[in-house]
Amino acid sequence: MAARMTGRYEIVAGALSSDPQRARTKGEEFHLQPERCYDDFEQMAVQESQRADGAEVVMITTPNHLHLAAAAAFMKQNIHVLCDKPLVNTIQEAQHYLEMVSKTG
């Protein structure tokens with residue numbers, strides 16, 4: 001919500017719950033197109049990267065232990081990442097994250 005308040009971001013897609021039906025319901029609340037309500041972040045990363053109007057940046061707000069996996073999925077598809085804190089939970093995850101950033105820019 002804070003990113004939206006800047007006037008620079010608009011919610012156009014989402015993997016809004018680990019429960020597919022709840023994700024679709026939440027997507028309806030955000031007025032998202034049904035085909036842009038995804039069951040998981042991996043699916044969203046791949047499909048949004050293939051759209052001409054795909055997401056340019058995503059906000060990661062998953063449970064903490066999933067932050068790195070979600071961020072990596074989007075970085076691999078050249079989608080910019082904003083992440084809820086903590087970004088990572090261990091020094092090893094931090095090193096992996098830095099490697100991903102170096103590879104994907």
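This is a predicted model: local features need pLDDT of at least 70, side-chain atom pairs count only at pLDDT 80 or more; totals for chains, interfaces and linings use all residues.

Residues are numbered from 1 along each chain as its sequence is written, and side-chain values use heavy atoms, with hydrogens and water left out.

Start at helix H3, residues 41–49; helices here are DSSP runs of H or I with at least four residues, strands are E runs of at least two, and both are numbered from the N terminus. Its buried residues are Phe41, Met44, Ala45 and Glu48, where buried means under 20% relative accessible area with a 1.4 Å probe, protein chains only. Look down the axis of H3 and these residues fall within an arc of 100°, so they line one face of the helix (the arc is taken from the directions from the helix axis to the C-beta atoms). That buried set packs against strand S1 (57–60) and helix H4 (67–76), with contact meaning heavy atoms within 4.5 Å. At the N-terminal end, aspartate 40 caps H3, with a side-chain oxygen 3.2 Å from the backbone nitrogen of glutamate 42.

Now for the partner helix. Two packed helices are described by the angle between their axes and the distance between the axes. The axes of H3 and H4 come within 8 Å and cross at roughly 15°, each axis being a line fitted to C-alpha atoms over the stretch in contact, with angles running from 0 to 180 degrees between N-to-C directions. H3 and H4 are therefore roughly parallel, a label for angles under 35 degrees. Phe41, Met44 and Ala45 of H3 make the contact with Ala69, Ala70, Ala73 and Phe74 of H4.

How many of the ten residues of H4 are buried? Eight are, so H4 is largely enclosed by the rest of the structure. Among the helices and strands covering its buried residues are H3, S1, strand S2 (80–83) and helix H5 (91–104). Just after H4, asparagine 78 takes a positive phi of about 60°.

Finally, go to the loop between helix H2 (20–29) and H3, where arginine 36 lies. At 4% relative accessibility, arginine 36 counts as buried. Its side chain makes a polar contact of 2.6 Å with the side chain of glutamate 48; that term means a pair of N or O atoms within 3.5 Å, where, within protein, one must be able to donate a hydrogen and the other to accept it, and residues adjacent in sequence count only if both atoms are side-chain atoms. Glutamate 48 is one of the buried residues of H3.

Terms used: Buried means under 20% relative accessible area, exposed over 50%, partly exposed in between (1.4 Å probe, protein chains only). Angles under 35 degrees count as roughly parallel, over 145 as roughly antiparallel, 65 to 115 as roughly perpendicular and the rest as oblique.
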